[in-house]
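Please examine the sequence and the three-dimensional structure shown below. The paragraphs that follow lead from one residue to the overall fold and then to a second residue.

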Amino acid sequence: MKRRLLLLATSAALAGCAGPQVADYAGQTPKLDLRSYFNGTLDAFGVFTDRSGKVVKRFTVLMVCTWTGDDGVLDESFTYSDGTTQKRIWRLRREADGRYTGRADDVVGEAVGAESGNAFNWRYTLALPVDGSVYNVQFDDWMYLMTDKVMLNKATMSKLGIRLGEVTLSFTKR
């Protein structure tokens with residue numbers, strides 16, 4: 001029994017190290033400065049796909065972003081393909097060494113992230129309402145600056161380590 005637990009713990013630890021690290025993108029350009037890119041008005045277009053790859057929902061986002069020093073506010077207004085709307089206001093803080101923390105009303109605890117080169121990786125737990133219930137799901141969110149105006153975003157959503165689907169977005173800075 002102890003051996004099984006040890007193997008399970010070791011496997012879980014190794015799985016956590018298996019994915020890309022934000023430092024892998026250190027040499028990539030254009031160089032991302034999150035405070036500069038997410039400042040002003042942006043438009044985003046996205047899809048949520050289930051684990052089979054089927055598009056479940058399409059959406060647009062209008063973002064109004066402001067920074068005061070190392071403190072930022074990202075005010076997001078979502079419009080979904082079924083006509084529903086949603087609001088999320090992120091309050092971000094730039095920490096040392098390109099790291100960020102953030103909070104929003106539907107985020108459980110604190111989001112943590114880091115930028116390096118053209119990439120930003122952001123991890124957080126979202127309280128997601130589905131059919132009258134709320135589920136806490138984990139997001140592993142990757143953003144890649146393509147030009148000074150365009151950023152691509154791919155986020156994997158999971159629960160208890162099981163991949164539920166992905167969110168793919170394209171941001172355009174006005």
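Leaving aside its neighbours within four places in sequence, with which residues is leucine 42 in contact? In this predicted model, the contacts of leucine 42 are Tyr37, Val61, Leu62, Met63, Cys65, Phe171, Thr172 and Lys173. Leucine 42 itself belongs to strand 1, which spans residues 40–50. Its relative accessible area is 0%, and because buried means under 20%, leucine 42 is classed as buried. Glutamine 21 lies 21 residues from leucine 42 in sequence, and their C-alpha atoms are 27 Å apart in space.

A closed barrel is formed by 10 strands in the order 1-2-3-4-5-6-7-8-9-10, and their pairing is antiparallel. On average, neighbouring strands of this sheet are turned by 25° against each other, direction ignored. One of the pairings is that of strand 8 (residues 133–145) with strand 9 (residues 150–159), which run antiparallel and are joined by eight bridges. Within strand 9, methionine 151 stands opposite leucine 145.

Strand 6, residues 107–116, contains glutamate 115. This residue is buried yet has no salt bridge. The nearest side chain of opposite charge is that of arginine 94, 4.0 Å away. The side chain of glutamate 115 does, however, reach the backbone nitrogen of leucine 34 at 2.9 Å. Beyond its neighbours within four places in sequence, glutamate 115 is in contact with Leu34 and Arg94, and also with Val22, Leu32, Asp33, Gly98, Tyr100 and Phe120.

Notes: Residues are numbered from 1 along each chain as its sequence is written. This is a predicted model: local features need pLDDT of at least 70, side-chain atom pairs count only at pLDDT 80 or more; totals for chains, interfaces and linings use all residues. Side-chain values use heavy atoms; hydrogens and water are left out. Helices (H or I, at least four residues) and strands (E, at least two) are DSSP runs, numbered from the N terminus. Buried means under 20% relative accessible area, exposed over 50%, partly exposed in between (1.4 Å probe, protein chains only). Lys and Arg count as positive and Asp and Glu as negative; His and the chain ends are not counted. A polar contact is a pair of N or O atoms within 3.5 Å; within protein, one must be able to donate a hydrogen and the other to accept it, and residues adjacent in sequence count only if both atoms are side-chain atoms. Contact means heavy atoms within 4.5 Å. Two strands pair if DSSP finds at least two bridges between them. Axes are lines fitted to C-alpha atoms, for helices over the stretch in contact, and angles run from 0 to 180 degrees between N-to-C directions.
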